[in-house]
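Open the model in a viewer and keep the selection panel at hand. The stops below are taken one after another.

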Amino acid sequence: MIRIGVWLGDRNEDRDWIARLATLIPGARVEGLAEAVPDTLDYALVWAPPEGLLSRQAALKAVISVGAGVDHVLRVADLPRHLPILRTTGPDMVQRLREYVALHVLAHHRDLMDTDARQARAEWQVFVTPTANRRRVGVMGLGRIGAACAQTLAALGFDTAGWARSPRDLPGVRTYGGEAGLAEFLDRCEILVCLLPLTADTADILNAGLFARLAPGAAVINAGRGGHLVEADLLAALDAGRLSGATLDVFRTEPLPPDHPFWRHPRIRVTPHIASYVDPDSGARVVAQNILAFDRDGTLPDIADPGRGY
Ligand code: GLV
């Protein structure tokens, strides 16, 4: 029998996930991670678990992240370091991100913030924006999700580049790799999309120095992690007109506190970490398949490398 404990914290979906997994994995015992008797579980399915929950389950075979990122697991101080961490991606997660990236790149491309501001003033002002083939966009992070998003932008006609830690080929996308390729990649970006994993190397990467390299008046979209962005640097770059706008889905503190300046900034659009979502319906199917495959032979393509951080 496979025994699974679930902790989704403030997502408040533990019951849904428990019910879905119990149906999808016949014979499994699925319960709340906090309620489970110590040392009785094989798998812990988590989002941002607090300290104490994982270390008291000494029989765990793996921890499963309800998401593509594993930073929320790796930062648990008493995480048993030997445990494999399984990432959860899958077609719905990739599709949701493609939609989010297309929507917000198009919004910046077609100056939607200015259009909204003019509507609020009942101001009719015709303006023409360049077509997508004359707009240079760039995606940072070219894993399964980033690659799909970059190719979506290329398919919309954008002049699309991608940057990743190690160089890779992507049809229809001009790619740059590593520290050496970063400056050249940034220099050409009018709209920058960050989809990087959060690691020691990528923390604070969206900072004043990076903004200064982008095309003047560039826009930034962050659907990676809040820890990528130096918040004060973004506010300064927007207020100086160095950047024209930002769309932010992820924040250093989530939920974003009500008095945070991002909420009311006229050049910032805030979305509440919904660019993508591993939902209890289709997401549970991916998790169930991953658990069954991993339980069979202890391998899976989507295992994070804690040393690398993703
Ligand atoms: C969402 O942020 C994820 O890691 O999948």
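Start with helices α3 and α5, whose crossing is right-handed. This is a predicted model, and every value on the tour is computed from it. To make the selection, take residues 91–109 for α3 and residues 144–155 for α5. The two helices pack with their axes 9 Å apart, at an angle of about 45°.

Next, select residues 14–24, which form α1, together with residues 282–297, which form α10. What is the angle at which α1 and α10 pack? The angle is about 50°, and the axes of α1 and α10 are 9 Å apart. That angle makes α1 oblique to α10. View the pair along the line joining the axes to check the hand: α1 passes α10 in a right-handed crossing.

Now go to two backbone details in loops. Select Ala-122, in the loop that runs between α4 (112–120) and β6 (136–140). Ala-122 is not a glycine, yet its phi is positive, near 50°.

Then move to the loop between β11 (243–248) and α9 (261–264), and pick out Pro-255. Is the peptide bond from Glu-254 to Pro-255 cis or trans? The bond is cis, and its omega is near -5°.

The last stop is the ligand. Select it and show the residues around it: Trp-47, Gly-67, Ala-68, Gly-69, Met-93, Arg-225 and His-273. By class, this shell holds three nonpolar residues, three polar ones and one charged. Met-93 belongs to the shell, and its number also places it in α3, residues 91–109, from the opening stop.

- His-273: an N or O atom of the side chain is 2.6 Å from a ligand oxygen.
- Arg-225: a polar atom of the side chain lies 2.7 Å from an oxygen of the ligand.

Finish with the surface of the ligand. Taken alone, the ligand exposes 190 Å², and the protein buries 86% of that area.

Conventions
Residues numbered from 1 in each chain as written. Predicted model: local features only at pLDDT ≥ 70, side-chain atom pairs only at ≥ 80, totals over all residues. Heavy atoms only, no water. Near = heavy atom within 4 Å. Polar contact = N/O pair within 3.5 Å; in protein donor to acceptor, adjacent residues only side chain to side chain. Areas by Shrake-Rupley, 256 points an atom, 1.4 Å probe, with all protein chains shown as cover. Nonpolar A, V, L, I, M, F, W, Y, C, P; charged D, E, K, R; others polar. Axes fitted to C-alpha atoms, helices over the stretch in contact; angles between N-to-C directions. Helix = DSSP H or I, 4+ residues; strand = E, 2+ residues; numbered from the N terminus. Parallel < 35°, antiparallel > 145°, perpendicular 65-115°, else oblique. Left-handed = near helix turned anticlockwise from the far one by under 90°.
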